[in-house]
Amino acid sequence: MKHFISIKDLADPKKAVQTALALKKQGSNLDHSMTADKVLCLLFFNNSLRTRLSTERAAMYLGMKVMVMQISDTGWALEFEDGVIMNADKAEHVKEAAAVVSQYADVIGIRAFPTLTDKEADLEERVLRAFARYATVPVLSLEGATEHPLQALADAMTIEEHRTVSRPKVVLSWAPHVRTLPHAVANSFVLMMQRQEVDLVLTYPKEYALDPEVVGNSKVTHQQEEAFEGADFVYVKNWSSFEPYGQTPKVIDDFTITAAKLQAAKFMHCLPIRRNVVAEDAVLDGSNSLVIQQANNRTYSALWAIRELLTAAK
Ligand code: CP
């Protein structure tokens, strides 16, 4: 794996889950020999709590040094178009930026959310793909415009740890929110679940259909109650509309998650979550919530990915 930007970069998604869980078991007894002299640089164009800290934690387990930059606040504004006359607000081209950072680090992690206004730029994953093109070291997505692969790997690990049947029913449900949010978490979760031994059902209001290329042949119902019947895991996330792009049309049906709706299903969410908007307190405070365990697994999904990238780059 040269870069990790999409779930589609995983050669064997089931093996990735098993290997990441095995690394989790090793904990502080991990072999550092390949990673101890390596440097990880994390560039954030957007805010984070879990991704920043869990990826730093993973690097600590691997004996690596870490450099973190909130590039949106303290870096130069970057140009991503080729052949432009840079006489406006962009001070540096990604060609130089990516090449320069590659000299300082062995892996570059980047968080760059979508614009949600420029669909073409978002779908081509402009920021991460440009860094991957011009960097001479591997690029690790810390959540891009269209995907959040480290989250989806952590989520698949969490399902593997908590499943009680060989082929669980996993539901992805849209839920309301007060802001206009990306599709990345939902996209990567769908792509990952399509590659695991689960029965996947997607439920969302018809206005919130995901990218058809991501949904593929996955089962979709606009009746949340029907989707939740017999579910083992309910993964909840808000996202904006895909068509028209980046809008938040009003929804009549109540998609907020309640304990009564969930019944015995395990509740999953990537966090951060708006309590009593996305899901009621009783869900998050109940024994069926896995949100803290998911966040814990972010350390080990990052650890797995950094090792894979460094191994491939050797
Ligand atoms: N789930 C997740 O990526 O959390 P942060 O946005 O806090 O990093």
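The questions below concern aromatic rings in a predicted model.

Local features need pLDDT of at least 70 and side-chain atom pairs count only at pLDDT 80 or more, while totals for chains, interfaces and linings use all residues. Residues are numbered from 1 along each chain as its sequence is written, and side-chain values use heavy atoms, with hydrogens and water left out.

Q: How many aromatic pairs does a search of the whole structure find?
A: Rings of Phe, Tyr and Trp (its six-membered ring) pair if their centres lie within 6.5 Å; planes under 30 degrees apart are stacked, over 60 edge-to-face and the rest tilted. Under this definition, the number of aromatic pairs found is seven.

Q: Which helix holds Trp304, the partner of Phe4?
A: Phe4 and Trp304 are edge-to-face, 6.1 Å centre to centre with 75° between the planes. Phe4 is in the segment before α1 (13-26), and the two residues are 300 residues apart. Helices are DSSP runs (H or I, at least four residues), numbered from the N terminus. Trp304 is in helix α13 (residues 291-313).

Q: Is Phe4 buried or exposed?
A: Buried means under 20% relative accessible area, exposed over 50%, and partly exposed in between (1.4 Å probe, protein chains only). Phe4 has a relative accessible area of 0%, so Phe4 is buried.

Q: Which residue lies over the face of Phe242?
A: Phe242 also forms an edge-to-face pair with Tyr245, at 6.1 Å and 85°. A charge sits over a ring if NZ of Lys or CZ of Arg is within 6 Å of the ring centre and within 35 degrees of the ring normal. At 4.1 Å from the ring centre of Phe242 lies Lys119.
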